[in-house]
Amino acid sequence: MSADRWTLTGAETSDVSDPQLNPGDIAALFDRARLRMARELRGLTQVQLAREVGSVTAASISQFENGHTKPATSTLRRLAVALRVPPSFFAAPARPPAQDQVNGFFRSLRSTSPRDRQQALAYVHLARELALELEKHVELPDLNLLRVPIDGGQPLQSADIEQAAAQVRDHWNVSRGPVRDVVRLLEMNGIVVVRFRVSMEKVDAFCVDFPDRPVVALGADKGLRDRSRFDAAHELGHLVLHGVAGKIGDKVTESQAHEFAAALLMPADDIKAELPERLDWPAFLRLKAKWHVSIAALLIRAKTLGVMSEHTYAQGWKALSIRGWRKVEPGPLGNPEAPVLLRRALELMETTGISFADFINRSSLPEADVRALLGRDISERPRVEF
C-alpha cells in the first residue's frame, strides 16, 4: 500500500468567522435527535435527566424527544448544563443525518443492557460527527471498503468467508504473512476507529455501518494487543459480510465474523504449514510472536484448517483453562494498536490556522467527549520531566 493513501490534505480555505447561534436560533433549530443523543451519551433515562434538570418532568423530555413539543430557551440552557454539552449542540447540525435504523453489531445482546448499548452507540454517532466535521477542514482517506453480498437463500459457507478475507487482503494490497497493523489498515481505507472508556465493562468491541463513515469501536480497557487486533478484524468482518442487513447479536453472524477475522489475520496458504499438529506450546508461543494473534486463536485455526485433530484440540482447550491462559496468556505482545486518524486530522487542521478551540466552537460538539475520542488528555497539563 502506497504511503500516499495515508496523507491527510489540508483544506484550501476554512472560514471560522461564522457567527455563533444565539439562544433564539438554537430554540428555533432544536433537533429532537440531538437531545436524545446527549442524554444517551450520559447514560441517563428520561426520568434521571428530569431529576438532574429539576424544572422539567420526564413526560416533558419524552415530548421533546418525540418532536411533539420544543423546549423553551431557558429549558434548553438547563438541559445543556445537566448534559454537559454546549447549548448549540441541540440545534440541527448542517451535516448529513445518521439514519435512525443504523444499529451496532454487538457480540451478545443478552450480556449488555439496553442502556449500555445506547450509550456506546451515542459515542459512536459522536465519532462519526467528529469525522464529518473534520472533513470540512482536511481531506480524510476515501472509504475503500469491499462488500461481499450475502445471498439470503444461501448461507455463507466457511470457504466463502475464507475467500472474502483473501479478497479484502488483495483489494487493500496487504502483503503475504502477518498484518502489520490492523487498526491502521482500517483507518487508511477510510474506516474510523475509536477507543473509549465510558464505564461500560460489558460492552465489547462493536461497529456501526454508517454509509459515509463506518465506525469501529474498540474497548479501551482491553489491553491485550492480540485480542484487540482480532476484535478489529472481527468488526471488519461484519462490515464486509453483513453491512446494514446483518442480524444483530445473532450467533451465526458472530461466528462468521470470527471466521473472517481468523482468515484475514492467518491466511490458510501462509500459516497452515507452520501450525503444529500436537500441543507444542513453545511453537505456539513463537507463532504468537510472529502473527500477533493469541495462542487460543492459533489453536482454533489449527483445528479449522485440519492440521490438528479434534481430540488434540479438545486437550489443548482444557490445558488453556487449567493454566489460566484463557484469561491471561504467556508472551504479552505489548500495547494494543492505537487509532490515529482523527487525532492526525485534527493536528493537520491546526496547521492551517484553525485552533482546537475554534473547531469546538464551530462544531458545537462537547469538548470533553471529543478529547476522549481523540485520546487527548482532558486537562492537557504539561508533564514533569526528570
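Predicted model: local features only at pLDDT ≥ 70, side-chain atom pairs only at ≥ 80, totals over all residues.
**Salt bridges and a buried helix**

The structure holds 20 salt bridges.

One of the salt bridges brings together the side chains of Asp209 and Arg147, with N and O 2.8 Å apart. Its two partners come from distant parts of the chain, 62 residues apart: Asp209 sits in the loop between strand 4 (206-208) and strand 5 (215-219), while Arg147 belongs to the loop between strand 2 (138-139) and helix 7 (158-171). The surroundings of the two residues can be read from their accessibility. Asp209 counts as buried because its relative accessibility is 4%, whereas Arg147, at 37%, counts as partly exposed.

A second pair is formed by Arg229 and Glu337, whose side chains meet in a salt bridge of 2.7 Å from N to O. This pair, too, links distant parts of the chain, with Arg229 in helix 9 (residues 225-241) and Glu337 in the loop between helix 14 (310-323) and helix 15 (341-351), 108 residues apart. Arg229 has a relative accessible area of 1% and is therefore buried; Glu337 is buried as well, with a relative accessible area of 2%.

The loop between helix 14 and helix 15 also contains Glu329. Glu329 forms a salt bridge with Lys288, and the closest N and O atoms of the two are 3.0 Å apart. Lys288 lies in helix 12 (residues 281-291), so this pair ties together parts that are 41 residues apart in sequence. Both Glu329 and Lys288 are buried.

Finally, a word on confidence. The protein chain has a mean pLDDT of 86, and 82% of its residues reach 70 or more. Over residues 1-6, however, the pLDDT is below 50, and this stretch has 18 contacts in the model beyond near neighbours in sequence. Residues 11-19 also stay under 50 in pLDDT, and for them the model has 11 contacts beyond four places in sequence.

Conventions:
Residues numbered from 1 in each chain as written. Heavy atoms only, no water. pLDDT = per-residue confidence, 0-100. Contact = heavy atoms within 4.5 Å. Salt bridge = Lys/Arg side-chain N within 4 Å of Asp/Glu carboxyl O. Helix = DSSP H or I, 4+ residues; strand = E, 2+ residues; numbered from the N terminus. Buried < 20%, exposed > 50% of the residue type's maximum accessible area, 1.4 Å probe, protein only.
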